[in-house]
Each structure stands twice: as structure tokens, then as C-alpha cells.
Amino acid sequence: MFIDLYRYNVALTREIAERKVIEEDLRKAEERLRAFAAYVESVREDERTGLAREVHDELGQALTGLKMDLAWLEKRLPKGLEEAAGRMKSMFRLVDATIQSVRRISAALRPQVLDDVGLIGTLKWQAREFQVRTGIRCNVDLPAEDFALDQARLTAAFRILHEALANVARHSGATRVDISLQVDTDHFILKIVDNGRGVTAADLRNPKSLGLLAIRERAFLLGGNVDIEGKGGKGTTVTLSIPHRPGVRP
């Protein structure tokens, strides 16, 4: 009996050691996968930035030049050419609409405010754009003074808020969104609260909810945390906590 117990103990010890090795391999593989995801996201953000500048600068300048040439031609049109004058006005409207499209596409890739102002200005701009675009009332409660953030954290906060507001517009049926920002010694805490139908536990577990997955992953890569809580018929609350600088634990 003692020999059998000894053999069983040896086999169990060996199995535990093998499982620890497998768990360590899985942990390292997960770390490599997350590091690769962070690298891919960084490359994508750099590409968005470059493309946004090219679209805004090159296409924007070309369209502005075209509009100036049309204005020059309009002043030199002989009087009495009503059809040509009407066609000219139509061209002006088309150029103006194209300029607005260029600005919209450039802003979707990477808004200029991300490079021009800090987090406070970016959140105000995003809330205003969301309200104008969707008609959903958007209230903001932000600190009076801005604080320094690196580009990775600033971009992550912008992308997470953008994705959260997109989910509100697509799925919640809300009529109001409240955005608040708090800053403590090590972290900034962004909270988005809507009065819609409320996200369900099934929604949070759904592997097809890529927007929610992207929100969590962006925060995790920066050492942060996201809590998403829904109450049936009483809305959803998204709370994002990200450290000001690398190395601070959630």
C-alpha cells in the first residue's frame, strides 16, 4: 500500500510540474500575443495619422485651389449665360460638399484636436460632435485644468470614448449621455453613462461584441481597467481607469 501511495505521489508531483510548465508557456504566449497586439495597434495608429494628414493637407489644398479657380472663372463669365452660371453654382456646392467629406474622413482617421489640445479639449470636441451627429444630448463634467498625457494614453482615451459613444448610438436607444472625468494621484477615471436599455450579461459575454472587446483590450495594454455595467431599462455605465504614466498598476 505504501509503495502504491509513493508511486501515486510521484505521478501526481510530475503531473503538477508538467501543468505548471504548460501554464507558464501559456502565460508567456499570452504576453507575446498582447505585445504583438500593442505593436499592431501602434502601427495602425501611425498609419491613421499619416493618412489623415495626407487627406487633409493634399486633398484639402487641391480642393481649396479648385474652389479659388472656380471663383476666378465665375467673375469672368459673360452676363446672360444663365445655364453656365447655374452650372458654376452647382460646382461650388459639389466642391464644398467634397471639402466637408475630406474633413470628416480626416477627423475619423485622427482628429486634429488630438495633436493640438489635451484630453479635456478632445473630450469636449468629441461630445459636441456626437451630439450634433446623433441628436442625443451629451453632458460633460470635466476638470477645469488639463494634465499631461503621452500620445498612447491620449489616443486610447479618445478611441475608447469613441467606441462607447458609437455603441450608445447603435444599440442603446438612449436620449442622454453623461461624460465625466476624475483625476487622482496616479490614474484618470473616465465615466460614460447613458439612459438607454442597458447592456446585458449576454451582451458582455458575446464573442461578437468586438467593440466591447476592443475597449477592454486598449485599456489593458496600458495597464488600465474597464468596468461595464448595465441595468435593464436604466442604461449602461462604462468606467475607464488608466494610469497617467507607464508602470502604475490598476
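In this predicted model, three helices each supply at least two residues of the lining of the largest pocket: H1 (2–75), H5 (151–172) and H7 (210–221). The largest share comes from H1, with ten residues. The pocket has a volume of about 610 Å³. Its lining counts 26 residues, and the closest to the pocket centre are Glu-41, Ser-42, Glu-45, Thr-155 and Arg-218.

Five strands form an open sheet in the order S1-S2-S3-S5-S4, and the pairing is mixed. Strand S1 (137–141) and S4 are the edge strands, each pairing on one side only. On average, neighbouring strands are turned by 10° against each other, direction ignored. S1 and S2 run parallel and are joined by five bridges. Asn-139 has Asp-178 of S2 as its bridge partner.

Nonpolar packing was then considered. The largest nonpolar core holds 39 residues. Those that touch the most other members are Leu-119, Val-177, Ile-179, Leu-181, Phe-188, Leu-190 and Ile-192. At least two core residues come from each of the helices H3 (113–116), H4 (119–134), H5 and H7. The strands S2 (176–183), S3 (187–194), S4 (225–231) and S5 (235–243) likewise each supply at least two. H5 gives the most, with nine residues. A second core is separate and has eight residues, among them Leu-63, Leu-70, Val-95 and Ile-99.

How values were computed:
Residues numbered from 1 in each chain as written. Predicted model: local features only at pLDDT ≥ 70, side-chain atom pairs only at ≥ 80, totals over all residues. Heavy atoms only, no water. 1 Å grid on protein atoms, 1.4 Å probe; cavity = no way out; pocket = protein on both sides within 12 Å on 5 of 7 lines; lining within 4 Å. Points joined across faces, edges and corners; volume = space filled by probe spheres on them. Helix = DSSP H or I, 4+ residues; strand = E, 2+ residues; numbered from the N terminus. Core = buried A, V, L, I, M, F, W, Y, C linked by side-chain atoms within 4.5 Å. Buried < 20%, exposed > 50% of the residue type's maximum accessible area, 1.4 Å probe, protein only. Pairing = 2+ DSSP bridges. Axes fitted to C-alpha atoms, helices over the stretch in contact; angles between N-to-C directions.
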